[in-house]
Amino acid sequence: MQSHTPAGRATPRPGTSENPPAAVAGPGGNCSPTTLIAPGRGAAVAMPPPPDPPGGSAAVEPQRAAGHPGAPPVEPGPIDLAARLREYGRLAAARTWRGTFAEYYELCRQRPQLARLSHARVFDMLTAAGVGRSDRGPTEYAFFAADLFGLERTLDQIYDYFGAAAKRLEVRKRILLLMGPVGGGKSTIVSLLKRGLEAHSRGADGAVYGIADCPMHEEPLHLLPAELRAEVLAKDGIHVEGDLCPYCRWRCRQEWAGDVGAVPVERLTFSEKDRLGIGTFSPSDEKSQDISELVGSVDLATVGRYGAESDPRAYRFDGEFNIANRGLMEFVEMLKCQEEFLYGLLTLSQEQSIKTSRFAMIYADLVVVAHTNEAEYQSFVANPKNEALRDRIILVKVPYNLRIKDEMRIYGKLLGEGGALGVHCAPHALEVAATFAVLTRLRESKKAGMSLIKKLRLYDGESVEGFGAADVRELQEEAEQAGGGRGEPVEGMGGISPRYVINRLSSAVSRQGCRCLTPLEALRALKDGLEQHTGLDRQAREAYLNLIYETRKEYDEIAKTQVHKAFVYSFEDSARTLFDNYLDNALAYWNRAKLADPITGEDVEPDEKLMRSIEEQIGVADNVKRAFREEMLVRISALARRGERFDYRSHERLREALEKKLFSDLRNIVKITTSVKTPDADQLRRINEVCARLVAEHGYCTICANELVQYVGQLLAR
Ligand SMILES: Nc1ncnc2c1ncn2[C@@H]1O[C@H](COP(=O)(O)OP(=O)(O)O)[C@@H](O)[C@H]1O
Ligand SMILES: [Mg+2]
Ligand SMILES: [Zn+2]
Ligand SMILES: [Zn+2]
C-alpha cells in the first residue's frame with residue numbers, strides 16, 4: 001500500500017510516512033436497545049440491542065490509496081490539535097523542494113522514473129496500490145477496491161490501457177472514454193483517479209517536479225536542447241520528450257540565457273483546487289462556452305504593457321489543458337460538446353500538443369479521461385464526420401452491476417457514508433432492493449426453462465437447478481449478441497441505477513418516525529418511486545412493477561425460511577418432547593394399556609389424534625398405522641438389547657414426520673399468534689421468543705423482527 005518512504009535527495013526527511021491509513025468507519029445502521037410494544041398486544045418486552053448489521057461491506061475495507069495526509073491517527077480520545085497541525089505542517093514542509101535544474105537533473109539520474117510521463121504516473125499509482133491477480137477470480141485492484149464493486153472488466157480495461165500507455169505505446173495518444181448508463185460509476189472512477197493522483201504526488205514515489213513559475217508547471221527536462229537528448233538517454237537512461245512552453249522559451253532567451261543549469265525547479269503538489277495537475281472540463285451553454293476554457297487566452301489587460309498579443313507574457317495559460325499538464329483532465333459528458341472543443345482534444349491526443357492561434361503548438365502531457373452515455377456515443381459514431389476522432393478513442397464500457405452481492409455493497413457504501421440511515425437496516429432490505437435493481441437490468445433469455453430470477457441467481461454465483469457455470473457464460477454471450485439493436489440497451493447498460501435505489505431508500509428512511517428500514521418498506525419505496533420516475537414510459541413502468549412483484553415473491557420465501565430458522569433453536573427440545581410423547585402413546589396403544597394423565601393422574605386412553613397427526617405427515621395410512629408403530633417398537637427393543645438409546649433421529653421416517661409436524665404446528669402458531677387480536681400468555685411468549693432470537697442471532701431489531709413474524713403469519717394464513 002501507499003507507505004511512502006522517501007528515496008533520493010528530493011525529500012529531506014527520510015523515514016516519513018505520508019499517508020497514515022485513514023480511519024475506517026463502518027456503515028451505520030445500529031439501533032439502540034428498544035422496548036417493543038407489539039402492535040395490538042399491549043405488552044412491553046425489553047429487547048437486547050441488535051448486533052452489527054451482517055455483511056457490512058466496510059469490514060474488509062482495504063486501505064484507501066487516496067489517503068490524505070493529516071488524517072487523524074487511530075488512537076481514541078480527542079484530537080491534539082496543536083500537535084496534529086504541527087505534524088501536518090511538517091509533512092507539507094517535507095514535500096517542498098526548490099533547487100536548480102542542475103540539481104534536478106542529478107535527481108533524475110538517480111531515479112530516472114522522475115522523468116516519466118502522465119500515463120506512466122497513473123499506471124505506477126495503480127500498481128503501487130496493489131494488483132492481485134489470481135487464476136480463479138478476477139484481478140483485484142486495491143486502488144479501486146474500497147469504492148467500486150463488480151466492475152472487474154471495466155477496471156481490467158482501464159488498467160491495461162494505462163499499462164500500454166505507460167510503455168509509450170501508441171494508445172497513449174488516445175482518449176480514454178468511459179461509456180455507460182447514468183449512475184453507473186463513471187464519475188466515481190475518474191474522481192478516484194484524480195484524488196489518487198493528488199495523494200500520489202504528495203508521496204515520495206509520486207514526486208513531480210516542474211520549472212518554477214511555469215504556468216504549465218512543465219517538465220524541467222524540456223530545458224535540454226534537442227541535440228543533447230540522445231546522449232542523455234544513452235548515458236543516463238533519462239527519456240526526454242516535449243518542448244518548452246512559449247513562456248519558458250521566452251524566459252530562456254531573456255533571463256536564463258547562458259545558464260540553463262541555474263533555472264529554478266520546484267516540487268509540485270497536484271491539486272484540483274489549486275488548478276495544478278488536475279483539471280475538469282464540462283460542456284455548458286453553447287453560446288457562452290469558449291475554447292479558451294480549454295487552451296487559455298490572451299490577457300487583453302496586459303497586451304498593452306507587452307506590446308503584442310503574441311508575447312507569451314500576455315497569454316494566460318489557464319485553460320484546463322494547460323493546468324492539467326503532467327496530470328489528468330476529466331472531460332465530463334464529452335460528446336455533448338461542440339465540435340470545436342473536440343478538435344482541440346483531437347490535436348491534444350494526436351500531437352500531444354495544444355493548438356492556440358497565437359503560438360506554435362504547445363507541448364502538453366496529460367491523461368484525458370472522458371465520459372458519455374450510450375445514446376450519445378451511438379449517434380456520435382453514426383456521424384461519418386467523427387471518424388478521425390473515433391479512431392482516437394479507447395472506449396471502455398462502465399455497465400451497471402449484474403450481481404446482487406456487489407450491488408448491495410454499493411448501497412452499503414452509500415448509505416453508510418453520510419450516516420444517511422441513522423436507523424436500523426433490516427436483514428434482506430438491501431438484498432431485496434438489489435434484486436429488483438438487477439432484475440431491471442437483465443435481459444430475458446431464450447434458453448428453455450430460464451427465468452429472469454434464475455438468471456439473476458446464476459449471475460450471482462449460486463447454483464440453480466439444472467444449470468451451471470457453463471450456462472452463465474452462454475447467457476452472457478447471448479446477452480451480448482442480442483446487442484443494442486432495436487433501441488434497447490445491451491444487458492447492464494440500462495435499467496434502474498444504484499442512485500435511484502439509494503434515493504428511494506433514503507426517502508423511505510427519512511420519513512417521520514421511521515426507525516428501521518425493512519425489506520417491505522424498501523420495496524414499497526422503490527415501487528412508489530416508479531410513479532415519479534421521469535424517463536420511464538408506461539410500458540417500462542409496467543414491466544418494472546411486475547419485477548417488483550417478482551422480487552416480492554422471492555422475498556416471501558426468504559421470510560418464511562427465516563422465521564422457520566428462528567424456531568429451529570428450540571427445535572431439538574420440541575422434537576424430543578414430541579417424540580417422547582408419541583412413543584408413550586404408541587407403547588400404550590400396543591400394550592392395550594392406559595396412560596396416566598400428567599396433571600390429574602387419571603387413566604386415559606392413548607392419544608390417537610396426536611399419533612395420527614404425526615404419522616399423516618409422512619403419508620402413513622390408517623390401515624398401516626399398526627404396522628408402522630410395531631416396526632418402530634421392534635427397533636427400539638433391538639437397540640435396547642444392544643444397550644443403545646433410541647433417539648428420534650434413529651428412525652429416518654419418524655424424524656421426518658416429527659419435523660414436518662413441528663413445522664406445521666409452528667405454522668399454526670405463527671398464524672394464530674399473529675392473527676388473534678388478544679393473544680394469550682403462551683402465544684405472546686412464543687412470539688417474543690422468536691423475535692428475541694431473530695434479534696440475538698440474525699441481526700434483526702425489534703421492529704423488523706416483529707414485522708417479519710407478522711408478515712410470515714399473513715403468508716401462512718393464506
Ligand atoms: N459499480 C459501482 N461500485 C460502487 N459504487 C457505484 C457503482 N456504480 C455506481 N456507484 C455509486 O453510485 C453513485 C453514482 O455514480 P456516478 O459515478 O456518479 O455515476 P455516473 O458518473 O456514471 O453517472 C456514486 O455514488 C457511485 O459511487
Ligand atoms: Mg457522472
Ligand atoms: Zn513553461
Ligand atoms: Zn430493524
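Among the contacts in the protein with a separation of 6 or more, 73% are accounted for by residues 24 or more positions apart, two residues being in contact if their C-beta atoms, placed from the backbone, lie within 7 Å. The model is predicted, so that local features need pLDDT of at least 70 and side-chain atom pairs count only at pLDDT 80 or more, whereas totals for chains, interfaces and linings use all residues. Residues are numbered from 1 along each chain as its sequence is written, and chains are lettered from A and ligands numbered from 1 in the order in which they are written. The protein has 27 helices and 20 strands, these being DSSP runs numbered from the N terminus (H or I, at least four residues, for helices; E, at least two, for strands).

Of the 718 residues in the protein, 36% are buried, where a residue is buried if 20 or more other C-beta atoms lie within 10 Å of its own, exposed if 12 or fewer, and partly exposed in between. In the largest nonpolar core, which has 149 residues, Val-368 and Ala-433 touch the most other members; such a core is a set of buried Ala, Val, Leu, Ile, Met, Phe, Trp, Tyr and Cys residues joined through C-beta atoms within 7 Å. Helix H16 (residues 429–441) contributes the largest share of this core, 9 residues, and at least three residues come from each of domain 1 (98–397) and domain 2 (571–675), with bounds taken from an automatic or database domain assignment. Not counting residues up to four places away in sequence, Val-368 touches Ile-175, Leu-176, Met-329, Phe-331, Leu-345, Leu-348 and Ser-349.

Helix H3 (residues 118–129) packs with helix H5 (residues 152–166) at an angle of about 130°, their axes being 8 Å apart, with axes as lines fitted to C-alpha atoms over the stretch in contact and angles running from 0 to 180 degrees between N-to-C directions. In this pairing, His-119, Ala-120, Val-122, Phe-123 and Leu-126 in H3 meet Tyr-159, Phe-162, Gly-163, Ala-165 and Ala-166 in H5. For helix H19 (residues 498–509) and helix H20 (residues 519–532), the axes come within 9 Å and cross at roughly 115°. Here the residues of H19 that meet H20 include Tyr-500, Val-501 and Arg-504, and their partners in H20 include Glu-521 and Ala-522.

Arg-443 lies in the loop between H16 and helix H17 (452–459) and is partly exposed, because 19 other C-beta atoms are found within 10 Å. The C-alpha atoms of Arg-443 and Gly-492 are separated by 8.6 Å, although the two residues are 49 residues apart along the chain.
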